[in-house]
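Subject: Structure handover

Dear colleague,

Here is the structure for your files. My notes follow below it.

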There are 2 protein chains.
Amino acid sequence: MAVTIKDVARLAGVSASSVCRTLAAPDKVRPDTRERVQRAVAELGYYPNRAARGLITGRTGNLGLIVPDIANPFFPDIIKAVEARARELDYAVFLADTDEDPAAEVALIRAMSKQVDGFLLVSARCSDDELRSVYRDLPVVVVQRRVRHVPAVTFDDHDGILQAVGHLATLGHRRVAYVAGPRTSWSNKERQRILRLTTSAVGVELVDTGHAAPTLDGGTAVADLVLATGATAVMTFNDLMALGLLRRFRALGVEVPGDISVVGFDDIPLAELVDPPLTTIALAKQKAGRAGIDMLIGLLNNPETAAPRTVLPTQLTVRASTGPARRG
Amino acid sequence: MAVTIKDVARLAGVSASSVCRTLAAPDKVRPDTRERVQRAVAELGYYPNRAARGLITGRTGNLGLIVPDIANPFFPDIIKAVEARARELDYAVFLADTDEDPAAEVALIRAMSKQVDGFLLVSARCSDDELRSVYRDLPVVVVQRRVRHVPAVTFDDHDGILQAVGHLATLGHRRVAYVAGPRTSWSNKERQRILRLTTSAVGVELVDTGHAAPTLDGGTAVADLVLATGATAVMTFNDLMALGLLRRFRALGVEVPGDISVVGFDDIPLAELVDPPLTTIALAKQKAGRAGIDMLIGLLNNPETAAPRTVLPTQLTVRASTGPARRG
DNA sequence: GAACGTGCTGGAATCGTTTCCAGCGTGTGT
DNA sequence: ACACACGCTGGAAACGATTCCAGCACGTTC
């Protein structure tokens, strides 16, 4: 039913080896052979069976892309860029979603590892040791995470947070709340750490409202807690949580930014659509996806390279959810 | 390096065939053999190589999922459901994005077809003939599209549109604009057709504002045209376009729903977050993804089945973007 | 003109798994 | 006790592509 290399060989009147060579290294066969083979390939619409190739070369031509939650609008931009770049380089992408569960993540990686040449793990939730252990077996690039000895694409959170804290300080805010994301999120810990540094440096008090799910509902759930802290501004782990806050604030009749300023993180497409449009720290998501794939494929072709690092810029995007601090 | 069936066989002191049988049909081996094999499998962490298996069984264990645009928030919910259900049934999913390009779609399908057992095509943009031709080679299920002889999961657009048109008519609207989506979209044509039927049935005039990209910017671009029609309400091909309209209306100082009511389509997660929250026709997206996979795998296991059909319910979700018609 | 080197080619082995088939041993029925 | 049947097992072939190796037919050089 499917056309194999033998069909091509028969039609071209050559051996399978010659067909293979024509496709892999056209300059290693005589021009007339090459032409006959190419004609036969075109006529039959031959396309090599990747499973068979993979069996002998040990390469599948597939990459695994693992994200915590496809439905979180932070990820589709990255997924899209990854998919596009991988396809350009003739790799196919297996997508998987861990539902924010570190155990599911590890299980998924193990299950998929035989079918892929490497992994791109975006916002991986599992432990450093688990990541390193995966990396021992297979090329891995993490995005939005840093782990010793593992190649990584990260965002310059420090710069973005510095801009945001500076922005709030300039507007007169002296007491800022931070709504933390998942405990298992490396970038949450990182942002929290950077926030502590930068706020204390400019004399802003940072109050912590504890962890919440990185979703709309997570944000909505902590809104009352945020108000209770008396903070005049609130920063969130991600935009979804910020939007959840806005929703609850509106229901309570709390004015944004009149009563409280809100700063998100990620600049998801929705951020500019809500009312008020959200001030947020924008990340170069498409670039991250592309850079991640380039790094991963670089590693595939050059396994001995030391774990590379790429840091992508962040940019505070000021919209209407931030304004001058309410008078204490 | 990787552990193969032979390693297991050696450790268990049996042949490869017995290992294979133990895994595929445990009741066909003697209990003591089974136990020894299972112990060896567990000890070595053996996991069969799918490429090798695929070579002989002709099945890859992979499914292809093709969508026009991952970044369109309509799709992630479906993708997530597809991915989850496929994994439950031990299939892996290749995701691809066609950038709304019918030619790219066909090319992608051809390129992927050797690596998958079947396709789930969501909102396919290519022609009926092309779809049927793909279906001749490989099991295919289309979601949000109907093509003769091809298995399909669709939404009951007629019911949703009927509800929406009734809702608008009740509010006194007599002139409703429709902002069409891509020409290549089957569901756009379908919705347009149903709209013509239902509006004329209740004595509402339908004005057409031509096609636009199914994106925020597409909606924004036609906003002025919509206003120029003098319609008191506007329905759009999808929610993104409706949100684009809202954005432009706000910029122009046009009140929603005071000056014009807006009804979207799809009920993407953003719909309830914007201001005003969007009245829209909700689709059972997760169900569609799950049903699509179930149908596809049913087809895989039972190739001779006649092309099945599933129709999922739609539901008008009334929010704040619709209100009484402005007096002519 | 003979010896050698070069450039292509086809055959064979290989990857890891499944599946078919033959054979072996055990148990049952007469 | 013998024949038969049945259950289970191991060996071998197969899937489709790649790669190594040997060999063949040139062309070149002495």
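Contact, as used here, means heavy atoms within 4.5 Å. On that rule, the contact between the chains takes 40 residues from chain A and 40 residues from chain B. This is a predicted model, in which local features need pLDDT of at least 70 and side-chain atom pairs count only at pLDDT 80 or more, while totals for chains, interfaces and linings use all residues. Residues are numbered from 1 along each chain as its sequence is written, chains are lettered from A and ligands numbered from 1 in the order in which they are written, and side-chain values use heavy atoms, with hydrogens and water left out.

The chain interface

Chain A and chain B bury about 3,700 Å² between them, and carbon and sulfur atoms give 62% of it. Buried area is the accessible area (1.4 Å probe) that two parts lose on being put together, summed over both. On the chain A side, Lys80(A), Lys114(A) and Leu273(A) lose the most area to chain B, together 19% of what that side buries.

There are 10 salt bridges between chain A and chain B, a salt bridge being a side-chain nitrogen of Lys or Arg within 4 Å of a carboxyl oxygen of Asp or Glu. Arg250(A) and Asp275(B) form a salt bridge through their side chains, at 3.8 Å from N to O.

Five elements of chain A, α4 (50-57), α5 (74-88), β2 (92-97), α6 (102-112) and α11 (239-252), each supply at least two residues of the side that touches chain B. Helices (H or I, at least four residues) and strands (E, at least two) are DSSP runs, numbered from the N terminus. By class, that side of chain A has 24 nonpolar, three polar and 13 charged residues. Ala, Val, Leu, Ile, Met, Phe, Trp, Tyr, Cys and Pro count as nonpolar, Asp, Glu, Lys and Arg as charged, and the others, Gly among them, as polar.

How are the two chains related? The same surface serves both copies, since 100% of the contact residues of chain A recur in chain B.

Domains of chain A

Chain A is assigned domain 1 (5-48), domain 2 (60-154 + 285-311) and domain 3 (157-283); the bounds come from an automatic or database domain assignment. The C-alpha centres of domain 2 and domain 3 of chain A lie 28 Å apart, and their contact takes 12 residues from domain 2 and 16 residues from domain 3. These two domains of chain A bury about 1,200 Å² between them, 54% of it on carbon and sulfur atoms. The count between them is one salt bridge and four residue pairs in polar contact.

Local points

Over all chains the structure holds 46 salt bridges. One of them joins the side chains of Glu83(A) and Arg87(A), at 3.1 Å from N to O. These residues are four apart in helix α5 of chain A, so about one helical turn separates them.

The peptide bond from Val256(A) to Pro257(A) is cis, with omega near 5°; Pro257(A) is in the loop between α11 and β9 (261-266) of chain A. Another cis peptide bond joins Asp275(A) and Pro276(A), with omega about -5°.

Regards

Note on methods. A polar contact is a pair of N or O atoms within 3.5 Å; within protein, one must be able to donate a hydrogen and the other to accept it, and residues adjacent in sequence count only if both atoms are side-chain atoms.
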